[in-house]
Amino acid sequence: MSLENTGLAHEEEHAGMTKAKIWRVFFILLGLTVVEFVIALGVPETAMPHLVRNSIYIILTLYKAYYIVAFFMHLKFEKYALKAGLMISLVLIVYFIVLMLIEGNYLHSHMTI
Amino acid sequence: MDTTAQLDEVKTTPWSGGRSPFSIEYGKLMMWIFLLSDAFTFSAFLIYYGAQRFSKTSWPDPDIVFQSIPGITDSGAPLVFVGVMTFILIMSSVTMVLAVEAGHRNKKKEVTWWMVGTIVGGLMFLGCQALEWTHLHHTGFWWGETPALDVLKGMGADGVSGLQFANLFFTITGFHGLHVTIGVILNIIVLIMTMTGVFERRGHYLMIEKIGLYWHFVDLVWVFVFTFFYLV
């Protein structure tokens with residue numbers, strides 16, 4: 001129905017994911033997860049402080065999220081308007097994280113148990 | 001050249017009208033908007049979890065809480081079972097993209113088999129989650145319930161943080177599990193539609209792409225749940 005208006009049928013083809021690309025992304029995701037496991041199980045607590053460890057986890061998680069959204073969900077190949085619209089909205093989540101961590105920090109300083 | 005062609009020449013930027021600036025099919029755009037709203041819901045859950053964990057002086061150690069492999073060992077294998085679950089979900093995400101890719105080539109048979117693989121992956125994940133929940137329930141965790149205080153102490157937690165952990169774990173993994181369940185049902189519906197040739201007659205497999213977006217989003221959420229419940 002709306003296919004004619006968007007010209008999607010043609011555009012989709014040259015920007016699609018090939019099988020080889022799909023498997024490459026899979027192995028990247030798998031590799032990143034394995035790295036997380038190695039850090040969690042193989043690196044002793046004394047060798048790596050908690051803050052560094054958690055920062056690495058979060059960076060690797062965001063990296064995995066990028067691969068899933070960009071390639072599996074195909075967002076990398078969409079129009080700029082869609083990419084920007086979706087990504088800019090997520091700034092609000094970052095704002096919320098900052099707010100709640102400040103709140104958590106305040107509560108922490110008043111915890112008696 | 002007629003007037004229409006001239007007008008077309010003037011208006012070339014994505015936002016100058018006459019066509020969609022997103023250049024994406026309506027249903028897919030709507031799926032993206034829904035997923036954005038769902039991302040906010042999951043973020044709210046996870047951020048609240050983060051704030052709670054941040055505010056407590058102790059928290060159950062994931063390496064101690066999650067150290068069993070149901071049916072194999074009761075202890076001593078931290079993260080192994082959840083690693084298997086993560087692998088299953090990533091795998092089923094891959095079979096989903098492969099179904100979408102086969103759909104682009106209008107190969108009904110390939111789409112069917114990749115969708116079957118995706119559904120099997122989804123069901124396996126749900127089965128694993130059921131085992132995980134059962135194990136935690138036997139340990140004494142449930143909504144509003146924790147094991148005895150000395151057991152919690154052994155996990156590095158206390159009564160307050162243990163209770164918060166229990167509530168948040170079951171709520172967040174439960175909400176994610178609900179999404180997986182809905183995803184499996186949607187996958188089964190599009191599998192039946194593929195097999196009965198609905199998409200073949202339609203001439204395109206866009207519905208697989210839309211359900212695929214949802215399925216990848218479920219995988220995406222698991223990546224975050226995995227990090228914040230099991231690793232951090």
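Helices in this predicted model are DSSP runs of H or I with at least four residues, numbered from the N terminus.

**Exercise 1.** Describe helix H7 of chain B and the residues at its two ends.

*Solution.* Step 1: the helix covers residues 159–195 of chain B, 37 residues in total. Step 2: from first to last C-alpha, H7(B) reaches 53 Å, close to the expected 54 Å. Step 3: at its start, a side-chain oxygen of Asp158(B) comes to within 3.0 Å of the backbone nitrogen of Val160(B). Step 4: just after the helix, Gly197(B) adopts a positive phi of about 80°.

**Exercise 2.** Classify the aromatic pair formed by Phe45(B) and Phe175(B), and locate its two members.

*Solution.* Step 1: the ring centres are 5.3 Å apart and the planes make an angle of 65°. Step 2: planes over 60 degrees apart count as edge-to-face, so the pair belongs to that class.

**Exercise 3.** Characterise the interface of chain A and chain B.

*Solution.* Step 1: 49 residues of chain A contact 56 residues of chain B. Step 2: the two chains bury about 4,900 Å² between them, with 79% of this on carbon and sulfur atoms. Step 3: the interface holds 1 salt bridge; Glu110(B) and Lys19(A) form a salt bridge whose closest N and O atoms are 3.7 Å apart.

Technical notes:
Residues numbered from 1 in each chain as written. Chains lettered and ligands numbered in written order. Predicted model: local features only at pLDDT ≥ 70, side-chain atom pairs only at ≥ 80, totals over all residues. Heavy atoms only, no water. Expected span 1.5 Å × (residues − 1). Polar contact = N/O pair within 3.5 Å; in protein donor to acceptor, adjacent residues only side chain to side chain. Phe/Tyr/Trp six-rings, centres within 6.5 Å; stacked < 30°, edge-to-face > 60°. Contact = heavy atoms within 4.5 Å. Buried area = accessible area lost by both parts, 1.4 Å probe. Salt bridge = Lys/Arg side-chain N within 4 Å of Asp/Glu carboxyl O.
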